[in-house]
Amino acid sequence: MKLARRVFAAVMLFALSARADDDPPKQEALPQRQANFVWDKNEKTKQVLLKASFSYRDVIDKGLAAKLASGLPTVIAMRAYVLREGDANPIALAGRTCRVSYDLWEEVYRLKVATAGGERDLAAVNLEGVLRQCAEARDLPVADKTLLTVNKPHFLGVIVEVNPISPQMLAQMRQWVSRPAGSTGIGPGDALFGSFVGLFVRQIGTADKTLRFRTQSVTPAP
């Protein structure tokens, strides 16, 4: 059975790679959903951060909701890449991970959320609380304004995975998102990164569920 899965994955990878080579991917072809962008200036340090709010609640369908309630630990991992329109490589990465486990004795969801600045232990009494804490980004710092190009449109390319199969990737994400808010710039040699094609076109799904979408553009003023 495992061999069959590997063969299937290899065939799918080849097919997608071939299609990607034949038809250069277009960023505007990604499914689009709305985000709210705000510029947040720290009057003391003068740092200006771009913050974003958006939802990915639909990553939890009925089957995954039942799995959450069963007590089996589940991880929801979200990566939001900042890209300049038309450019192949991302400029910055913000993200968060959320580990959910249902306490059958206390009848409460235990959440461990890793985001900018570290990890927090939270609790939710129902699925609505889980979705609010783990499937929404609210005022997420995505980039220092100095990383962006003035008068050029930028957007977020977002990948959300439920139970990513790679422990290494999860460990890298937790380390990355624990940086201070706004420290999202991608440098040479940073892990977790690749081109737009590598991240959004040639990836084979290895999680229980994956969402990939982009937001509308935001253009920094001088």
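**Figure 1. The largest nonpolar core.** Of the 41 residues in the largest nonpolar core of this predicted model, Phe54, Tyr56, Ile60, Met78, Leu111, Leu156 and Val160 touch the most other members. A nonpolar core is a set of buried Ala, Val, Leu, Ile, Met, Phe, Trp, Tyr and Cys residues joined through side-chain atoms within 4.5 Å; buried means under 20% relative accessible area, exposed over 50%, and partly exposed in between (1.4 Å probe, protein chains only). Strand E4 (residues 92–103) gives the most to this core, namely 5 residues. Helices (H or I, at least four residues) and strands (E, at least two) are DSSP runs, numbered from the N terminus. Apart from this core lies another, of 8 residues, including Leu83, Ala114, Phe155 and Ile159. In soluble globular proteins, nonpolar side chains tend to be buried together.

Residues are numbered from 1 along each chain as its sequence is written, and side-chain values use heavy atoms, with hydrogens and water left out. Because this is a predicted model, local features need pLDDT of at least 70 and side-chain atom pairs count only at pLDDT 80 or more, whereas totals for chains, interfaces and linings use all residues.

**Figure 2. Surroundings of methionine 78.** Leaving aside neighbours within four places in sequence, methionine 78 is in contact (heavy atoms within 4.5 Å) with Phe54, Tyr56, Ala94, Gly95, Arg96, Ala137, Leu140, Val158, Ile159, Val160 and Met173.

Figure 3. The 6 strands of an open sheet follow the order E6-E5-E4-E3-E8-E9, with antiparallel pairing; two strands pair if DSSP finds at least two bridges between them. Strand E6 (118–124) and strand E9 (209–214) stand at the edges with a single partner strand each, so one side of each is left without a neighbour in the sheet. On average, neighbouring strands are turned by 15 degrees against each other, direction ignored. Axes are lines fitted to C-alpha atoms, for helices over the stretch in contact, and angles run from 0 to 180 degrees between N-to-C directions. Strand E3 (residues 74–84) runs antiparallel to E4 and is joined to it by 9 bridges; threonine 74 has valine 100 of E4 as its bridge partner. Helix H4 (residues 167–177) packs on the sheet, where it touches E3, E4, strand E5 (108–115), E6 and strand E8 (154–162). The direction of H4 makes about 115 degrees with that of E4.

**Figure 4. Strand E8 and its partners.** Of the 9 residues of E8, 9 are buried. One side carries His154, Leu156, Val158, Val160 and Val162, and the other Phe155, Gly157, Ile159 and Glu161, all of them buried. E3 and E8 run antiparallel and are joined by 9 bridges, and isoleucine 76 has valine 162 of E8 as its bridge partner. E8 is also joined to E9 by 6 bridges, again with antiparallel direction.

**Figure 5. Glutamate 161.** Glutamate 161 is placed in strand E8 and is buried, with a relative accessible area of 8%. Threonine 210 in E9 stands opposite glutamate 161. The side chains of glutamate 161 and arginine 79 are joined by a polar contact of 3.2 Å. A polar contact is a pair of N or O atoms within 3.5 Å; within protein, one must be able to donate a hydrogen and the other to accept it, and residues adjacent in sequence count only if both atoms are side-chain atoms. Not counting residues up to four places away in sequence, glutamate 161 touches Val75, Ile76, Ala77, Arg79, Met169, Ala207, Lys209 and Thr210.

**Figure 6. Helix H3.** Gly129, Val130, Leu131 and Cys134 are buried in helix H3 (residues 127–134). The buried residues of H3 pack against helix H2 (62–69), E3, E4, E5, E6 and strand E7 (136–144). At the start of H3, a side-chain oxygen of asparagine 126 reaches to within 3.3 Å of the backbone nitrogen of glutamate 128.

Figure 7. Threonine 146 has its place in the loop between E7 and E8 and is exposed, with a relative accessible area of 69%. Its side chain makes a polar contact of 2.8 Å with the side chain of aspartate 144. Threonine 146 and glutamine 47 are 99 residues apart in sequence and 8.7 Å apart in space, C-alpha to C-alpha. Lysine 46, in the loop between strand E1 (36–41) and strand E2 (48–55), has a positive phi of about 70 degrees although it is not a glycine. Aspartate 139 lies in strand E7 and has a positive phi of about 50 degrees.
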